[in-house]
Amino acid sequence: MTASRTVLTAALACLTLVAAGGCTSEAGPVTEKGAIVLATGSDLSSSGVRQDLIHAFERRTGHAVRIVKLPDTADGQRSQLLAAGQSGNGGYDVLNIDVTWTAEFAEAGVIRPWGTSLDGDFLRSVVKTTEYDHKVWGVPFNTDAGLLYYRSDILHDFGHDGPPANWGELQDWAYQAASGYNRKAAKAAKGGKKPPRMYGMVAQLRPYEGLTVNALEAAWAAGGDPEATSFTKGAQVGSLQQGVGDLKLRLDAIMPHEVTTMDETESRRWFADGRALFMRNWPVEYASVAEKLTPGKQFDVAELPARPSDGKRISVLGGQNLAISVHSTRPEGARALIQALTSPSSERCLLERGFAATRDSAYRHGADAPACPLPPGDAERGERGAGGSPAQQPGQEPPYTRTLYAALRAAEPRPRSAHYQTFSKVVQIRVSEYLGSPGGTSIADKLAKEADEALSGRGDPRGH
């Protein structure tokens, strides 16, 4: 093939990708043979926006994508990807990884550097999750930020319109309103039947990753620095202990004891069933809550309460990134697929179907927003959220979009360490012990030291 013909072929391939909004100056033609293999923990083989975007890529490029479904649990997915990457036997090209795995996978040699910086349209808070050791290791696919769900109707009855300004105000409002609501319900009860008790708040305090998320948000609310690499030095001293101490105070004062066994789904059930005034949860639970409570009338969402020191509202950042396997035999195709799935138009599709988009442009209004290119037939099939709840209709933003956008811009990643999983296990074990203890601060005092040891690779989550 002549040089001029090679350039022409590359240009035509790039134009194809431009139509999808996914081409950059580094993108070249997809010349490799065989299907691009995408390993993911979510089942993309059923109907849904992410599968629709993959089908659209296949139609545009003529290049097939084969999806390999990983185990259902996050630990199972991580273990399988690490084992495959270290053995070289996986045959994967693109990995859909949790944002907390970037450093570990990079350090283990499972993923290859992306090679270029990400364009400025990606939210800066989200870009941080792709960075480790001064390199970019992937591209943000979908993201997440914690929100505060609240019963606006009940709070209004007790003189509170809108969400509380800070965590102290939340605890005061929750105690006042829940106590008053329960007294009124008891008086109105007929035949001596005891009505269900309303609690002040529910969250995810079972010893799993959700507990780590809640503990970090509590530490940051107590003045902790999300960018700090130590919990025992400088301004960080005491923030983790104070944060988990505040978490225990809320547990003892306004939460049911069952909250220490709750995950996202169970806490959402309590809130949607009218058994809690406040709930910390992810946006994905909104549609399921809306099936039982009326949005804008019975409940609403807000950013997490601000910390008193500077008024910042900081949530832990969630989500998934797409990375190229170090053993990929189709790196050009892998790169083209990632660029297509994370393009401005694709991210707009994700937002319209209930995911949190990773690009700033996806949150623009009207003509300033990228157009989702999916055919109506694909879009109408939609995507099922948690609990089988329906996602957004084509062309519509979720009602909480403005709140989510603000929360994402202020959100922060969890510690970016190759030993993050050990750190998280330490937090889960020690915070769970502390929340279940009758009192005292000895466990909380040890936590900061053990957390530092874990992040540096010297810790053992079993305490040995």
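This is a predicted model: local features need pLDDT of at least 70, side-chain atom pairs count only at pLDDT 80 or more; totals for chains, interfaces and linings use all residues.
**Whole chain**

Colour by burial. Of the 464 residues in the protein chain, 52% are buried. Switch to the surface. The accessible surface of the protein chain is about 19800 Å², and carbon and sulfur atoms contribute 51% of that area.

**Stop one: α7 and α9**

Select residues 167–188 for helix α7 and residues 239–254 for helix α9. Their axes lie 10 Å apart, and the packing angle is about 10°. Angles under 35 degrees count as roughly parallel, so α7 and α9 are roughly parallel to each other.

Show side chains where the helices meet. From α7, pick W167, L170, Q171, A174 and Y175. From α9, pick L249, R250, A253 and I254. By class, this contact has seven nonpolar residues, one polar and one charged.

**Stop two: T129**

Move to the loop between α5 (124–127) and β4 (131–132), and select T129 there. Is T129 buried or exposed? Its relative accessible area is 2%. Buried means under 20%, so T129 is buried.

The side chains of T129 and N321 are joined by a polar contact of 3.2 Å. Then bring up the other partners. Setting aside neighbours within four places in sequence, T129 is in contact with V99, T102, L317 and P413, as well as N321.

How values were computed: Residues are numbered from 1 along each chain as its sequence is written. Side-chain values use heavy atoms; hydrogens and water are left out. Axes are lines fitted to C-alpha atoms, for helices over the stretch in contact, and angles run from 0 to 180 degrees between N-to-C directions. Helices (H or I, at least four residues) and strands (E, at least two) are DSSP runs, numbered from the N terminus. Angles under 35 degrees count as roughly parallel, over 145 as roughly antiparallel, 65 to 115 as roughly perpendicular and the rest as oblique. Contact means heavy atoms within 4.5 Å. Ala, Val, Leu, Ile, Met, Phe, Trp, Tyr, Cys and Pro count as nonpolar, Asp, Glu, Lys and Arg as charged, and the others, Gly among them, as polar. Buried means under 20% relative accessible area, exposed over 50%, partly exposed in between (1.4 Å probe, protein chains only). A polar contact is a pair of N or O atoms within 3.5 Å; within protein, one must be able to donate a hydrogen and the other to accept it, and residues adjacent in sequence count only if both atoms are side-chain atoms. Accessible areas come from the Shrake-Rupley method with a 1.4 Å probe; for residues, only the protein chains shown count as cover.
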